[in-house]
Amino acid sequence: MVRYLLRLLPAALIVFPGAASAQEVFAGIYAHGVETPFTFDTGEGGADLQLGVRGSPIMALKAVGAPAPYALVSVNTAAGTDFVAAGLAWKIAVGPVYIRPGVGLSLNNGPERRVDPVTGLRTDLGSAVLFEPELGIGIPLGRSTSIEASWVHISGGRLFNSEQNPGIDMFGVRLSQRL
């Protein structure tokens, strides 16, 4: 499965060609399946290892803050849901730190249908293609390196399961290196 997901990263780079000319690479480790008010317990856990690239800000989108394209692959160490994602992220300086909101689409290998036998809740993700919002708070460690605490979420926003939105939340830290 990991090989399959790694093969999808070039496809994500084709969809977002600005990320193909990487200006930044990042790697991180995340707690997988963290319960939040936005999600139901999916029964998944473990850690996620993420690797990704960001391109240069898209100046044609300056009217909306010139977001940068990104692509990433996330592999779960406990045989849970893996995914690839691509999207747009903004970097907003706030004094010595920055905030990096982003939004994209992901392709995952999560279960197609899972119903908890005790509660009757459907806790599958509902689709292989999901939204992937994220939010990071970072601080530069030097001229070209930074560290971010970040939240990554994948879910269908109730589009594929109208009564509930299981989703998966991940919290972690990533190290970014400008090229």
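1. Start with the hairpin. Strand 7 and strand 8 form it, with four residues between them. Strands here are DSSP runs of E with at least two residues, numbered from the N terminus. Strand 7 covers residues 129-140 and strand 8 covers 145-154. The two strands pair in the antiparallel sense over seven bridges. To count as paired, two strands need at least two bridges found by DSSP.

2. A word on the model. This is a predicted model, where local features need pLDDT of at least 70, side-chain atom pairs count only at pLDDT 80 or more, and totals for chains, interfaces and linings use all residues. Residues are numbered from 1 along each chain as its sequence is written, and side-chain values use heavy atoms, with hydrogens and water left out.

3. Now look at the other neighbour of strand 7. Strand 6 (residues 97-108) pairs with strand 7 in the antiparallel sense over 10 bridges. Follow Ile137 across. Ile99 has Ile137 as its bridge partner in strand 7. In strand 8, the bridge partner of Ile137 is Ala149.

4. Leu141 sits in the loop between strand 7 and strand 8. Is Leu141 buried or exposed? Leu141 is exposed, because its relative accessible area is 54%. The cut-offs are under 20% for buried, over 50% for exposed, and partly exposed in between, using a 1.4 Å probe and protein chains only.

5. Leu141 also belongs to a nonpolar surface patch with Ile29, Leu49, Ile139, Ile147, Val173 and Leu175. Together they have about 580 Å² of accessible area. Patch residues have over 30% relative accessible area and no salt bridge; nonpolar side chains (Val, Leu, Ile, Met, Phe, Trp, Tyr) are joined within 5 Å, and like charges within 9 Å. Areas come from the Shrake-Rupley method with a 1.4 Å probe, and for residues only the protein chains shown count as cover.

6. Turn to charge. How many salt bridges does the structure hold? It holds six. A salt bridge needs a side-chain nitrogen of Lys or Arg within 4 Å of a carboxyl oxygen of Asp or Glu. Glu24, Arg54, Arg100, Glu134, Glu148 and Arg174 are linked in a network of salt bridges.

7. Glu24 is in strand 1 (residues 24-32) and Arg54 in strand 2 (residues 47-54), 30 residues apart. Glu24 counts as buried because its relative accessible area is 10%. Arg54 is buried too, at 2%.

8. Arg100 and Glu148 form a salt bridge at 2.8 Å, N to O. Arg100 lies in strand 6 and Glu148 in strand 8, so this pair ties together parts that are 48 residues apart in sequence. Both residues are buried.

9. Arg174 bridges to Glu134, with the closest N and O atoms 3.2 Å apart. Arg174 is in strand 9 and Glu134 in strand 7, 40 residues apart. Both are buried.

10. Check Asp169, in strand 9 (residues 168-178). Asp169 is buried yet has no salt bridge. The nearest side chain of opposite charge, Arg174, is 12 Å away. For charge, Lys and Arg count as positive, Asp and Glu as negative, while His and the chain ends are not counted. What does the side chain of Asp169 contact? It makes a polar contact with the side chain of His153 at 2.7 Å. Such a contact is a pair of N or O atoms within 3.5 Å; within protein, one must be able to donate a hydrogen and the other to accept it, and residues adjacent in sequence count only if both atoms are side-chain atoms.
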